Amino acid sequence: MNILVFLFYVVSVFLVIALGVCIFMLPSLIAIIRKHNKTRVILFNIFLGWTFVMWIFCMIWACSRKEQKEVH
């Protein structure tokens with residue numbers, strides 16, 4: 001096998017894995033940017049996000065509106 005072909009495969013695999021991790025962590029990144037239940041969303045995403053249903057839940061949670069505290 002040619003060394004250039006081998007390097008192409010290695011770089012391709014690395015990029016696919018990096019893209020997958022970025023997509024997987026997207027709810028956490030959104031929660032961090034929006035300062036919205038960061039710790040909870042990150043923990044749910046890391047430990048339960050591998051199930052597609054919980055990943056969707058984390059995405060909805062991270063994108064939802066923040067709870068506003070009532071001022072009396």
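At 17% relative accessibility, Trp61 counts as buried, where buried means under 20% relative accessible area, exposed over 50% and partly exposed in between, with a 1.4 Å probe and protein chains only. This is a predicted model, in which local features need pLDDT of at least 70 and side-chain atom pairs count only at pLDDT 80 or more, while totals for chains, interfaces and linings use all residues. Residues are numbered from 1 along each chain as its sequence is written, and side-chain values use heavy atoms, with hydrogens and water left out.

**Ring pairs**

- A search of the whole structure finds five aromatic pairs, a pair being rings of Phe, Tyr and Trp (its six-membered ring) with centres within 6.5 Å, stacked if the planes are under 30 degrees apart, edge-to-face if over 60 and tilted for the rest.
- One of these is the stacked pair of Phe52 and Trp55, at 6.3 Å centre to centre with 15° between the planes.
- Both Phe52 and Trp55 lie in helix H4 (residues 52-63), three residues apart, or about one turn of the helix; helices are DSSP runs (H or I, at least four residues), numbered from the N terminus.
- Phe57 and Trp61 form a tilted pair, with 5.6 Å centre to centre and 40° between the planes, and they also lie in helix H4, four residues apart, about one turn of the helix.

- Phe57 is partly exposed, with a relative accessible area of 39%.
- Ring pairs link Phe57 and Trp61 with Phe44 into a cluster.

Methods: Helices (H or I, at least four residues) and strands (E, at least two) are DSSP runs, numbered from the N terminus.
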